[in-house]
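Good morning, and thank you for joining. Please look at the sequence and the structure as they come up, and keep them in view while I speak.

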Amino acid sequence: MSREQKELVDFKFFFTLANLPSPMELINDIYRNQVPFNSDLLNPTDNADKYTSSFKKSVNYGIYGIDLAYAAFYGQNQDLLSYYATTKALAEKMNVQETFDRYTEGFQKNSDNQDSLIVMIDKAYSETDSYLRNNGRYMTAAHVLAGAIIEVQHLSITLMKDQDRTPGNSTIFEKIFNQRMYLDNLVNLFKEFEKDPDSGKLLKDLQDLQASFNAVKSADELTKEQLNTLLVSVDKVRSRLTN
């Protein structure tokens with residue numbers, strides 16, 4: 001990758017990450033609205049053993065990170081420790097374990113402290129992103145980011161699709177609608193990697209998903225029917241990443 005390409009990709013990462021809230025913010029909003037926890041929505045930790053390609057390892061490192069945060073928000077200690085062990089093992093396989101371990105050193109000791117855990121997870125993933133990009137592993141960083149964003153969409157839409165809109169949760173519907181901005185930025189980013197077979201397929205999937213989001217014209221239009229339609233599109237992408 002030339003210096004000019006690196007600068008362009010760095011800019012696209014910066015634009016994606018700096019101009020939008022952390023994906024964890026949406027999970028936090030759902031937790032604060034007392035939507036019940038559902039462990040069936042998580043990517044089973046047993047799946048991790050079948051992820052042998054660098055692509056599958058990196059996208060699922062992003063997916064499992066969101067699952068870990070989801071369990072942390074809800075204080076689900078058994079799931080929490082299981083998903084922590086799985087993300088740690090994937091970090092080792094991706095050669096980012098030093099960064100991951102540095103920011104999650106006190107994870108097990110703080111398993112009852114929700115705020116500390118969320119800070120650790122958020123820091124570990126943001127520093128992993130920095131480490132990957134600083135070491136020229138831009139495509140891996142893009143795969144991790146895509147996995148995290150798809151998992152946030154999967155969790156948030158599934159958890160909200162049967163909820164009636166109220167003044168208390170209307171912000172969540174708005175944030176789900178605004179996930180289209182993440183998709184716009186991801187599509188723009190993945191155009192830099194479309195010659196890679198796995199990234200090229202994911203780009204096509206992201207473009208299809210982008211079209212589904214663009215069919216919803218406003219947050220107010222986000223009905224249960226629209227959410228269910230979006231979920232079909234999101235989970236089509238997710239199943240290709242997790243299976």
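Predicted model: local features only at pLDDT ≥ 70, side-chain atom pairs only at ≥ 80, totals over all residues.

Let us begin with the helices. Two packed helices are described by the angle between their axes and the distance between the axes. Here, the axes of H2, residues 23–32, and H7, residues 138–160, come within 10 Å and cross at roughly 20°. Because angles under 35 degrees count as roughly parallel, H2 and H7 are roughly parallel to each other. Their crossing is left-handed.

Which residues make this contact between H2 and H7? From H2 come Pro-23, Leu-26, Ile-27 and Ile-30, and they meet Val-152, Leu-155, Ser-156, Leu-159 and Met-160 in H7. Sorted by class, the contact of H2 with H7 comprises eight nonpolar residues, one polar residue and no charged residues.

I now turn to the loops. Gln-34 lies in the loop between helix H2 and helix H3, the latter spanning 54–73. Its phi is near 60°, a positive value in a residue other than glycine. Is Gln-34 buried or exposed? Its relative accessibility is 71%, so Gln-34 counts as exposed, the cut-off being over 50%.

The other loop residue is Asn-95, placed between helix H4 (77–93) and helix H5 (97–103). For Asn-95, too, phi is near 60°, a positive value in a non-glycine residue. With a relative accessible area of 52%, Asn-95 is exposed.

Key:
Residues numbered from 1 in each chain as written. Heavy atoms only, no water. Helix = DSSP H or I, 4+ residues; strand = E, 2+ residues; numbered from the N terminus. Buried < 20%, exposed > 50% of the residue type's maximum accessible area, 1.4 Å probe, protein only. Axes fitted to C-alpha atoms, helices over the stretch in contact; angles between N-to-C directions. Parallel < 35°, antiparallel > 145°, perpendicular 65-115°, else oblique. Left-handed = near helix turned anticlockwise from the far one by under 90°. Contact = heavy atoms within 4.5 Å. Nonpolar A, V, L, I, M, F, W, Y, C, P; charged D, E, K, R; others polar.
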